[in-house]
Amino acid sequence: MITLNINTKTYNIEVDPDTPLLWVLRDVINLVGTKYGCGVAQCGACVVHLNGEAVRSCVTKVSRAVGKKVVTIEGLSANNDHPLQKAWIEKDVSQCGYCQAGQIMSAAVLLKENKNPTDQDIDNAMAGNICRCGTYLRIKSAIHLAAEMQKK
Amino acid sequence: MKQYSSKRRYFLPVRMVMVMAVITLLIGAANSAFMADNSVTGKEIPQGKSADSIASVKAFAEVYRVLMSPRCMNCHPAGEVPLQGDDSHLHSMAPKRGNDGHGLYAMKCGNCHQPENTPGVHTPPGNPKWALPPSNMKMVFEGKKARELALQIMDYNRNGHKNKAALIEHARDTLVKAAWNMGEGRKPPPLPYNEFVKVWDTWIEKGGYAPKQ
């Protein structure tokens, strides 16, 4: 039995401790907002927060999450009203949308640690999140907007 | 005149002694110039019986081969981005060092590099201590000639403030050992781990000498 804290809820699950966290989130707990992209930590689609860090859940064993707080895109805000989520809608960032949960979760760590990021800070933070639709400029613009929203 | 001669007879040996002393001092100064470059050796690395510059330099030649192999050098880059692969190309996604060497924002080393290797080829190798050297002590290997690297490692102010004991211990560090267990598809350093420890210890125990080039 493994006990996990995900989006402030406690889950007791029967899985192999070596199971990737992503599989547990999607297949066991049915939180499917986090996406499978590459499976080898190369694309960023599966980013979730583990004690506030933007880990890639496809290569993170579920055993690493025991005793820590996991936050997925579903738990980022109570009413989908995190400044990033509002900015994403405002800037109409998504195209196909597949990578966006990972993009937002990575950006959330950036904004938590840097309230006023420059373009360079955004590049440094987001370089590991790939968007095959090429929405990078809108992502950057939305992060700037979210930073402004966050100040208010 | 007699008195003068006796003074002169007395004075000559004194002058010789002084000349000898100056020569000794000059030799000492030359040595200490080396020691200044190797400040960690100043007090702790023996320069007496166990010092052997030839054996030390010979051992360092082997140490250097290991340190410049991708498994060691890739995380001691000259720039802010780690290197990757057996060809030491810039790490994909260009993660940056950050102040503490653990990366920046959503691009911290531990976000992908787990406490252990991830199974499979082209997956992130892992270690609980995975990181670059911090920005205030970069300990660059990339591009360093053997002499430069030896002097850097023996310099307390450039080696992460390691004295002799800490340097010897560093070869036993789990992150150093990880170079020999870097996951599938990655070539290990050119010496087996135990042989590396042996030449590392020899190099330091024999005086931590730097090669001429």
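User: In this predicted model, which hand does the crossing of α3(A) and α5(A) have?

Analyst: The hand of a crossing tells you which way one helix is turned relative to the other, clockwise or anticlockwise. For α3(A) and α5(A) the crossing is right-handed.

User: At what angle do the axes of α3(A) and α5(A) cross?

Analyst: At roughly 45°, and the axes come within 11 Å.

User: Which residues make the contact between α3(A) and α5(A)?

Analyst: From α3(A) come Gln103(A), Ala107(A), Leu110(A) and Leu111(A), and from α5(A) come Ile139(A), Ile143(A), Ala146(A), Ala147(A) and Gln150(A). By class, this contact has seven nonpolar residues, two polar and no charged.

User: How does chain B's pair, α3(B) and α9(B), pack?

Analyst: Helix α3(B), residues 53-67, and helix α9(B), residues 193-205, have axes 8 Å apart and an angle of about 140°. Roughly antiparallel starts over 145 degrees, so α3(B) and α9(B) count as oblique to each other. Their crossing is left-handed.

User: Which residues of α3(B) meet α9(B)?

Analyst: On the α3(B) side they are Ala55(B), Ser56(B), Ala59(B), Phe60(B), Glu62(B), Val63(B) and Val66(B). Their partners in α9(B) are Phe196(B), Val199(B), Trp200(B), Thr202(B) and Trp203(B). The classes are nine nonpolar, two polar and one charged.

User: How do β1(A) and β2(A) run, and how many bridges join them?

Analyst: They run antiparallel, with five bridges between them. β1(A) covers residues 2-6, and β2(A) covers residues 9-13. Ile2(A) stands opposite Ile13(A). The two strands form a hairpin with two residues between them, and Asn7(A) in the turn has a positive phi of about 50°.

User: In a regular strand, where do the side chains point?

Analyst: They alternate between the two faces of the sheet. As for burial, none of the five residues of β2(A) is buried, so this strand lies largely in the open.

User: Is Cys43(A) buried or exposed?

Analyst: Burial is judged by counting other C-beta atoms within 10 Å, and 20 or more makes a residue buried. Cys43(A) has 23, so it is buried. Cys43(A) lies in the loop between α1 (21-28) and β3 (47-50) of chain A. Leaving out residues up to four places away in sequence, Cys43(A) touches Gly37(A), Cys38(A) and Ile130(A). Gly102(A) is 59 residues from Cys43(A) in sequence and 8.9 Å away in space, C-alpha to C-alpha.

User: How many residues of chain B are in contact with chain A?

Analyst: An interface is read one side at a time. 19 residues of chain B contact 22 residues of chain A. On the chain B side, β4 (107-108) and α5 (109-112) each supply at least two residues, and α5(B) gives the largest share, three residues. That side has nine nonpolar, eight polar and two charged residues.

Conventions:
Residues are numbered from 1 along each chain as its sequence is written. Chains are lettered from A and ligands numbered from 1 in the order in which they are written. This is a predicted model: local features need pLDDT of at least 70, side-chain atom pairs count only at pLDDT 80 or more; totals for chains, interfaces and linings use all residues. Two residues are in contact if their C-beta atoms, placed from the backbone, lie within 7 Å. Helices (H or I, at least four residues) and strands (E, at least two) are DSSP runs, numbered from the N terminus. Ala, Val, Leu, Ile, Met, Phe, Trp, Tyr, Cys and Pro count as nonpolar, Asp, Glu, Lys and Arg as charged, and the others, Gly among them, as polar. Axes are lines fitted to C-alpha atoms, for helices over the stretch in contact, and angles run from 0 to 180 degrees between N-to-C directions. Angles under 35 degrees count as roughly parallel, over 145 as roughly antiparallel, 65 to 115 as roughly perpendicular and the rest as oblique. A residue is buried if 20 or more other C-beta atoms lie within 10 Å of its own, exposed if 12 or fewer, and partly exposed in between; C-beta atoms are placed from the backbone. Two strands pair if DSSP finds at least two bridges between them.
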